[in-house]
Amino acid sequence: MIPRVECPTCHRQVEWSAANPFRPFCSERCRLVDLGAWVSGARAIPDESPPELTHPEDDAAPSDR
Ligand SMILES: [Zn+2]
């Protein structure tokens, strides 16, 4: 049984198999459309935290324990 996924671009059911190099998209066209959406900023891309804010506890940790 071949698992199926939904193409993120056209929402068609796609067979998730090695025969489909564009999975989870149904075709190269949909893959490119999705990539284009990313590039144009149509999708929300989560901000990466600045390095100095990644471990705030390290900064605030008391050194006189
Ligand atoms: Zn598609």
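Guide: A residue is called buried if 20 or more other C-beta atoms, placed from the backbone, lie within 10 Å of its own, exposed if 12 or fewer do, and partly exposed in between. The model is predicted, so local features need a pLDDT of at least 70 and side-chain atom pairs count only at 80 or more, while totals for chains, interfaces and linings use all residues. Residues are numbered from 1 along each chain as its sequence is written.

Visitor: In what order do the elements of the protein run from the N terminus on?
Guide: The protein has two helices and two strands, which are DSSP runs numbered from the N terminus (helices H or I, at least four residues; strands E, at least two). Read from the N terminus on, their order is β-β-α-α.

Visitor: Which element of the protein has the lowest mean pLDDT?
Guide: The predictor's confidence in each residue, pLDDT, runs from 0 to 100, and the protein averages 81, with 72% of the residues scoring at least 70. Where pLDDT is low, the predicted coordinates should not be read in detail. Strand β1 (residues 4-6) has the highest mean among the elements, 94, whereas the lowest, 66, belongs to helix α2 (residues 56-60).

Visitor: Is Leu32 buried, exposed or partly exposed?
Guide: Leu32 lies in helix α1, and the C-alpha atom of Leu32 is separated by 9.4 Å from that of Thr9, 23 residues away along the chain. Because 13 other C-beta atoms lie within 10 Å, Leu32 is partly exposed.

Visitor: How many of the twelve residues of α1 are buried?
Guide: Helix α1 (residues 28-39) reaches 16 Å from its first C-alpha to its last, close to the 16 Å expected at 1.5 Å a residue, where the expected span is 1.5 Å times one less than the number of residues. Across the protein's 65 residues, 5% count as buried. Helix α1 lies largely in the open, because the number of its twelve residues that are buried is zero.

Visitor: Leaving aside neighbours within four places in sequence, with which residues is Glu6 in contact?
Guide: Glu6 is found in strand β1 and counts as partly exposed because it has 13 C-beta neighbours inside 10 Å. Contact requires that the C-beta atoms of two residues, placed from the backbone, lie within 7 Å. Once those sequence neighbours are left aside, the partners of Glu6 are His11 and Gln13.

Visitor: What is the phi of His11 near?
Guide: His11 sits in the loop between β1 and β2, and it counts as exposed because it has 10 C-beta neighbours inside 10 Å. Its phi is positive, in a residue other than glycine, and lies near 60°.

Visitor: Is the peptide bond from Arg23 to Pro24 cis or trans?
Guide: Pro24 belongs to the loop between β2 (13-15) and α1, and its C-alpha atom is separated by 7.0 Å from that of Glu6, 18 residues apart along the chain. With omega near 5°, the peptide bond from Arg23 to Pro24 is cis.
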